Amino acid sequence: QVQLVESGGGLVQAGGSLNLSCAASGSILSINAMGWYRQAPGKQRELVANMPNGGTTKYVDSVKGRFTISRDNAKNSVYLQMNSLKPEDTAVYYCNANLIAYGGGWWKDYWGQGTQVTVSS
């Protein structure tokens, strides 16, 4: 059983900052990429930032220069520092991990439960 637990969402004024955290736990053999997605009301879920092992970190264009993703592999954790927040950043943010679980076969995507980020104007 693998679990991803997020924290750090909330309500902030435009221009403010929030830091999201996500910790993966359970029967994890190896983690490849970890990242963050978001889904605003009436919109599709989109990739915000992704950090693969030994690969290139990717950001959606709308957050480049404002958001920073980081990982702590020893803690199976990923973080998203969000600065200069805008109302259009309002969404439910989901943590994602591409990993192999013990007895789980091959690489699979796992998701957190989501954390609400609301940016007021």
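How many aromatic pairs does the structure hold? The structure holds two; rings of Phe, Tyr and Trp (its six-membered ring) pair if their centres lie within 6.5 Å, with planes under 30 degrees apart counted as stacked, over 60 as edge-to-face and the rest as tilted. The model is predicted, so local features need pLDDT of at least 70 and side-chain atom pairs count only at pLDDT 80 or more, while totals for chains, interfaces and linings use all residues. Residues are numbered from 1 along each chain as its sequence is written, and side-chain values use heavy atoms, leaving out hydrogens and water.

**View A. The aromatic pairs.**
Tyr 37 and Trp 111 form an edge-to-face pair, at 4.9 Å centre to centre with 70 degrees between the planes. Because Tyr 37 lies in strand S4 (residues 28-39) and Trp 111 in strand S10 (residues 108-111), the pair ties together parts that are 74 residues apart in sequence. Strands here are DSSP runs (E, at least two residues), numbered from the N terminus. Tyr 37 is partly exposed at 22% relative accessible area, and Trp 111 is partly exposed at 37%; buried means under 20% relative accessible area, exposed over 50% and partly exposed in between (1.4 Å probe, protein chains only). Trp 106 and Trp 107 also form an edge-to-face pair, at 6.2 Å centre to centre and 70 degrees between the planes. Trp 106 counts as exposed because its relative accessibility is 62%, whereas Trp 107, at 31%, counts as partly exposed.

**View B. Arg 45 and two rings.**
Arg 45 lies over the face of Tyr 94, at 3.8 Å from the ring centre. Arg 45 also lies over the face of Trp 111, at 4.7 Å from the ring centre. A charge sits over a ring if NZ of Lys or CZ of Arg is within 6 Å of the ring centre and within 35 degrees of the ring normal.

**View C. The disulfide.**
The count comes to one disulfide, defined as a pair of cysteine sulfur atoms within 2.5 Å. The disulfide joins Cys 22 to Cys 95, with an S to S distance of 2.0 Å. This pair links distant parts of the chain, 73 residues apart: Cys 22 is in strand S3 (residues 18-26) and Cys 95 in strand S9. The link of Cys 22 and Cys 95 is left-handed, with -80 degrees about the S-S bond. Both Cys 22 and Cys 95 are buried.

**View D. Asn 98 in strand S9.**
Asn 98 is placed in strand S9 (residues 91-101). Asn 98 counts as buried because its relative accessibility is 16%. The side chains of Asn 98 and Asp 109 are joined by a polar contact of 3.1 Å. A polar contact is a pair of N or O atoms within 3.5 Å; within protein, one must be able to donate a hydrogen and the other to accept it, and residues adjacent in sequence count only if both atoms are side-chain atoms. Leaving aside neighbours within four places in sequence, Asn 98 is in contact (heavy atoms within 4.5 Å) with residues including Ile 31, Asn 32 and Trp 107.

**View E. The largest nonpolar core.**
A nonpolar core is a set of buried Ala, Val, Leu, Ile, Met, Phe, Trp, Tyr and Cys residues joined through side-chain atoms within 4.5 Å. Of the 30 residues in the largest nonpolar core, Trp 36, Val 48, Phe 67, Leu 80, Met 82 and Tyr 93 touch the most other members. S9 gives the most to this core, with six residues.

How values were computed: Helices (H or I, at least four residues) and strands (E, at least two) are DSSP runs, numbered from the N terminus.
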